Amino acid sequence: MSAIGIDDIEGLLGVEQYEEEGEFPVEQGYVWTTCSSVENGNPLFWDEEVAEAITGGPIAPPTMVSVWFRPHHWAPGRTTQGLPLQVHFDLKEGLGLPEAVMSDNTIVFHDPVRPGDRLSTRQILRSVSDEKTTKLGTGRFWVIDVEYRNQRGDLVAVESYTGFGYRRAEAAGTEEDNS
Amino acid sequence: MTTAPSTPTAVTPARLLHGSVAVGDALPELAYPVTATTVVLGALAARDWRPMHHDKDFAVHRNGTRDIFLNTPNQAAWFERFVTDWTGPYGRLQRMTFRMLGSIFPGDLMVFRGVVTETGVDDTGCGCVAVDISVSVDDDPKTNCKARVALPVTEDDNPWSRSGDRWKP
């Protein structure tokens with residue numbers, strides 16, 4: 001079926017993988033772009049005096065923590081498209097599951113993230129389920145933790161993703177049925 | 001019910017105190033008409049370049065959805081805004097859990113609602129409130145979110161001053 005079987009995947013449970021630094025420092029411009037996209041007027045992100053008084057200087061919205069790790073769409077000299085949450089894509093490929101969705105996502109917020117910070121992550125596979133069939137198709141659920149730390153090694157967030165990788169149930173030619 | 005466009009007037013930092021919140025309290029509702037711009041702007045803000053968040057042809061023919069749809073990280077930003085609109089800037093998020101139930105498309109009126117499910121003070125003295133929130137379209141929940149947020153317990157308290165052993169999110 002595929003080169004990597006479920007037994008190999010199980011050997012990765014709890015193992016820290018893909019430690020990497022973000023391609024760019026946390027930046028104020030993206031903070032404003034994000035706040036603007038959701039019309040977030042929290043003065044922590046717009047008013048330096050408020051930020052100084054409450055958070056000891058500017059911070060980024062806590063929910064932006066994963067934003068700092070999405071690779072540029074293109075970068076000079078790069079030959080392959082970088083993929084965030086590489087463990088997720090390893091599982092899709094390794095288990096022969098071409099489609100995937102994320103069902104659950106938990107973020108726990110630790111120290112604030114500030115403009116200028118250089119964050120790093122590591123990915124840890126926590127679980128892979130037996131095969132299950134949902135309305136999307138047949139596949140497996142998995143949970144991946146992503147730990148985020150700043151340049152001093154302080155933990156800033158832990159994100160847990162639940163993904164479902166699957167094969168679409170369209171082999172019988174029913175793909176037109178749902179319109 | 002519908003939210004007016006954001007006003008550019010200065011915001012006075014409100015301080016929602018822990019003691020003023022009770023289980024069963026509702027958060028102020030937020031309704032927002034989603035357009036293709038909302039979806040694309042949110043995807044770019046989150047650096048999510050995947051085509052189902054900007055290319056309708058791809059979304060329809062590859063994903064089998066009726067249009068492009070809001071991406072998950074941008075929904076997190078919406079939920080954060082919804083919570084901190086209520087708490088003011090002293091509110092400090094501790095954790096959020098999202099469950100995606102359905103997609104949100106251009107043309108949808110998405111409505112955020114929330115209710116307080118728990119209040120307490122942890123063993124470090126930090127006041128915390130748990131809220132169940134959701135974003136719905138036509139009363140059909142699209143994403144549910146359980147969040148916990150720290151609130152000041154007194155006028156002098158500031159959850160953002162906590163770190164190390166004094167911050168247990």
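**Exercise 1. The interface**

Task: Find how many residues of chain A are in contact with chain B, and describe that side of chain A.

Solution. Work in the predicted model shown above.
- Step 1: Count the contacts. 31 residues of chain A are in contact with 34 residues of chain B.
- Step 2: Look for the elements involved. At least two residues each come from α2 (28-37), α3 (48-55) and β2 (99-109) of chain A.
- Step 3: Pick the main contributor. β2(A) gives the most, with eight residues.
- Step 4: Sort by class. The side of chain A that touches chain B has 13 nonpolar, 14 polar and four charged residues.

**Exercise 2. A pairing across the chains**

Task: State in which sense β2(A) and strand β2 of chain B pair, and over how many bridges.

Solution. 
- Step 1: Locate the partner. Strand β2 of chain B covers residues 92-100.
- Step 2: Read the direction. The two strands pair in the antiparallel sense, over five bridges.
- Step 3: Check one position. A:Asp104 stands opposite B:Arg99 in β2(B).

**Exercise 3. Strands inside chain A**

Task: Trace the pairings of β3(A) with strand β1 and with strand β5 of chain A.

Solution. 
- Step 1: Start with β1 (residues 16-21). Strand β1 of chain A pairs with β3 (residues 120-128) of chain A in the antiparallel sense, over four bridges. A:Glu21 has A:Ser120 in β3(A) as its bridge partner.
- Step 2: Move to β5 (residues 137-149). β3(A) and β5(A) also pair in the antiparallel sense, over eight bridges. Here A:Val128 stands opposite A:Trp142 in β5(A).

**Exercise 4. A helix and its cover**

Task: Identify the buried residues of α2(A), then work out why they line one face of the helix.

Solution. 
- Step 1: List them. A:Tyr30, A:Val31, A:Thr34, A:Cys35 and A:Ser37 are buried.
- Step 2: Look down the helix axis. The buried residues of α2(A) fall within an arc of 160°, so they line one face.
- Step 3: Ask what covers them. The cover includes α1 (36-45) and α3 (72-87) of chain B.
- Step 4: Follow the chain onward. Just after α2(A), A:Glu39 takes a positive phi of about 50°.

**Exercise 5. Chain B as a whole**

Task: Give the number of helices and strands in chain B, and their order from the N terminus.

Solution. 
- Step 1: Count. Chain B has three helices and five strands.
- Step 2: Order them. The elements run β-α-α-α-β-β-β-β.
- Step 3: The C-alpha atoms of chain B fill a box of roughly 55 × 35 × 30 Å along the principal axes.
- Step 4: Of the 169 residues in chain B, 41% count as buried.

Definitions and conventions
Residues numbered from 1 in each chain as written. Chains lettered and ligands numbered in written order. Predicted model: local features only at pLDDT ≥ 70, side-chain atom pairs only at ≥ 80, totals over all residues. Buried ≥ 20, exposed ≤ 12 C-beta atoms within 10 Å, placed from the backbone. Contact = placed C-beta atoms within 7 Å. Nonpolar A, V, L, I, M, F, W, Y, C, P; charged D, E, K, R; others polar. Pairing = 2+ DSSP bridges. Arc of directions from axis to C-beta.
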